[in-house]
Amino acid sequence: MTTMSDFRAELHAWLDAHHDDLAPRYEPPGSLDEEIAQMQRVKGILFDAGWMRYGWPERVGGLGGPPMMRTELGAALASRDLADPGHFSLIEVLAPTLVDFAPPALAADVVPRLLSGEEMWCQGFSEPGTGSDLASLSCRARADGSAFVVNGQKVWTSLAQYSQRCVLLTRTGTLESRHRGITAFFVDMDTPGITVSPLEMINGVREFTEVFFDDVVVPADRMLGPLDGGWAVAMSILPYERSSCFWQRIAYLYRRLELLAALTPADDDRAAEAIGNAYVALHTLRARSRATQHRLAAGETLGAETSIDKVLVASAEQATYEAARRLLPAGLVETDDSAAAEAWRNELLYARAATIYGGTAEVQRNIIARRLLDLGGDD
Amino acid sequence: MDASERALLAETVRDALDGARGPEGADLALAGVGWLDMLDAEPRDAVEIVFRSLGAGNVTASALDDVVGRALGSPPALAAVLPRFGAWEPPGAYDGKRVRARGLATARGSRATEFVMACRADDELVVAVVPASGVEIAPIHGIDPAAGFHTITVDAEAARLEPVDRGAWDAAVADARRAIGYEIAGAARVMLDLARTHALDRVQFGRPVARFQAVRHRLAEALVAIEALDATLAAAADEPGRETAALAKIVAGRSARTVGTHCQQVLAGVGFTTEHPFHRYLKRTMLLDGLFGAADDLTVAVGRQLLGTKQVPTLVEL
């Protein structure tokens, strides 16, 4: 496997050959339980066949190779509806943290469990008082001998109810210390004092949760990075989130547009315009994300300019579902109780979040104005 | 070319165009920096650098004739007959005896002795060269008289006729669209620079208007549109083809509109006068959007293609 295109071709050939093993055993969308079980099963098959190990270092059970191989795998799964890219790509915002910041023995022990589908992990970053302003987080970790005691609350924690571990950001300095007083930990979710409470989203799915920490004891050797060094841990995720995760989402959206085109009559210029609009937005995003990933692969550090990628992801996602809203048969979203209608309804409602999560559309524009256009401070 | 060679060439082209007088002077300046040789040897870099410079300098030249002529395999430096405004079909028809065409000519058309054009001949494509005596040509004033476009009507016996592969026209359209995309990108960057400078200089309510979030977000929106255009232009250069070029042209037209709208609003009163250079860039991009297919029409055409084939191809890979 010398080039990415060879890798891609071999991967797709393998996925074609193993389609029956990998396909969901329920009619999509399925329940969240079914969908998560499907993803973990697929990860297990792919791990055993080696595909889940490409792009990860050998010291955490990988087979080496450029991280772009992981991106290709995630995109291939998304384009075939074998795993939800929003859930599958969580690996990209969790495992690299362990690879880069955990004690080596811990990383070597746990990363293969995540990759093989034996475990799921969640990311405890956001809090009720901490949305786009992550440096204001207040969930506290207090040193107590050779351990830390955590008290506080997280929210918007994806899939915590399924997770065995949590990459958790805590406040170890004063609140005023902002990003300088944050420490990251790798916490076992079965530790006494952790309560997970799912939140029902606007689309009826209970994917996000609130996680409560009540005198939760975390051994000091579960610290990721140094004490008060958690901000660097949190920021280290950004390049993965803004490259691999986006690429997987893009593959998924192309697939959605293809499904929509299949349902739409060919002889309607209004439909052609709506489909065309979404396609232009997707192509624009794909072109931008490709350039970003080539920069990353060439060793460049990604920074504020990826706010542009983030804005384009949100626009493309919303353009895709805007087209769906205009073109799906009348009443399908509002009054149809078939599984297919349920899937469109879920996604259409979920798409509104594209301008909210991961830093709102407004925050991205603030970053672009200050950092990329150098307009100075605002009022 | 590596990055530093490209930067050097861009500077050379900019300087040459800066000193040029009028459309003929601009063509001479481009000839002076070896434009036609560059177009043959390094078409990708040559087109990007020259057309960005034309857009950024609001310069009228006829380099588009050369891009189209090259794709059609015509001798260099002829004037080309381009499709009518908004259209992208071959502008001519050949019935075995005479060449008839209707379309646009650039500034070069007003002084040319020969014109080259793609013509339909039954199901074939021929490239015809006709003498200036066989054409009627008239300047277009329109929204941007300085752009130097002309309407042109041809009814003549061809001096030369060359059958070419039908794909030659697709290639000409794709190359032209990429070139125009770069010209729009060059102009759009200047519009944003003008608006940004104004926002930082203009004081109202005791502070620069750049401090107001509503203003900042408009400028951010403009930058997103420009970066989006650059990305699709790079994709069209890396994966040359009809589709990637059409998409880049669509994004060019849309980005110009987004950038023009937001920057004009930020420039407010001064951007509404002809004392400020903004209006020249706005008008030029409005005109360029219509060459070889406007964004809105191309969007429908692309959408029709997707609905016809029920395939949504990804076009670019990692």
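In chain B, α5(B) and α6(B) are roughly antiparallel to each other, because their angle falls in the class over 145 degrees, whereas angles under 35 degrees count as roughly parallel, 65 to 115 as roughly perpendicular and the rest as oblique. The model is a predicted one, in which local features need pLDDT of at least 70 and side-chain atom pairs count only at pLDDT 80 or more, while totals for chains, interfaces and linings use all residues. Residues are numbered from 1 along each chain as its sequence is written, and chains are lettered from A and ligands numbered from 1 in the order in which they are written.

Helices here are DSSP runs (H or I, at least four residues; strands are E, at least two), numbered from the N terminus. Their axes are lines fitted to C-alpha atoms over the stretch in contact, and angles run from 0 to 180 degrees between N-to-C directions. The table sets out the packing of both pairs.

| Helix pair | Angle | Axes apart |
|---|---|---|
| α5 (residues 63-72) of chain B and α6(B) | about 155° | 8 Å |
| α1 (residues 3-18) of chain B and α4 (residues 43-57) of chain B | about 40° | 10 Å |

The angle in the table makes α1(B) oblique to α4(B). The crossing of α5(B) and α6(B) is right-handed, and the crossing of α1(B) and α4(B) is right-handed as well; a crossing is right-handed if the near helix is turned clockwise from the far one by less than a right angle, and left-handed if anticlockwise.

Residues are in contact if their C-beta atoms, placed from the backbone, lie within 7 Å. On the α5(B) side the contact with α6(B) includes B:Leu64 and B:Val67, and on the α6(B) side it includes B:Ala168 and B:Asp175. By class, this contact has 10 nonpolar, no polar and one charged residues, where Ala, Val, Leu, Ile, Met, Phe, Trp, Tyr, Cys and Pro count as nonpolar, Asp, Glu, Lys and Arg as charged, and the others, Gly among them, as polar. Where α1(B) meets α4(B), the residues include B:Arg6 and B:Leu9 in α1(B) and B:Asp45 and B:Ile49 in α4(B). That contact has six nonpolar, two polar and four charged residues.

**Between the chains**

Across the two chains, 38 residues of chain B are in contact with 42 residues of chain A. On the chain B side, α6 (167-201), α7 (213-238), α8 (242-271) and α10 (295-309) each supply at least two residues, and α7(B) gives the most, with 13 residues. This side of chain B has 23 nonpolar, eight polar and seven charged residues.

B:Ala235 is found in helix α7 of chain B. B:Ala235 is buried, with 24 other C-beta atoms within 10 Å; 20 or more count as buried, 12 or fewer as exposed, and numbers in between as partly exposed. Apart from its neighbours within four places in sequence, B:Ala235 is in contact with A:Ala287, A:Arg290, B:Thr244 and B:Val316.

**Domains of chain A**

Chain A is divided into domain 1 (4-119), domain 2 (122-229) and domain 3 (237-372), with bounds that come from an automatic or database domain assignment. The centres of domain 1 and domain 3 of chain A, taken over C-alpha atoms, are separated by 22 Å. Their contact takes 20 residues from domain 1 of chain A and 19 residues from domain 3 of chain A.
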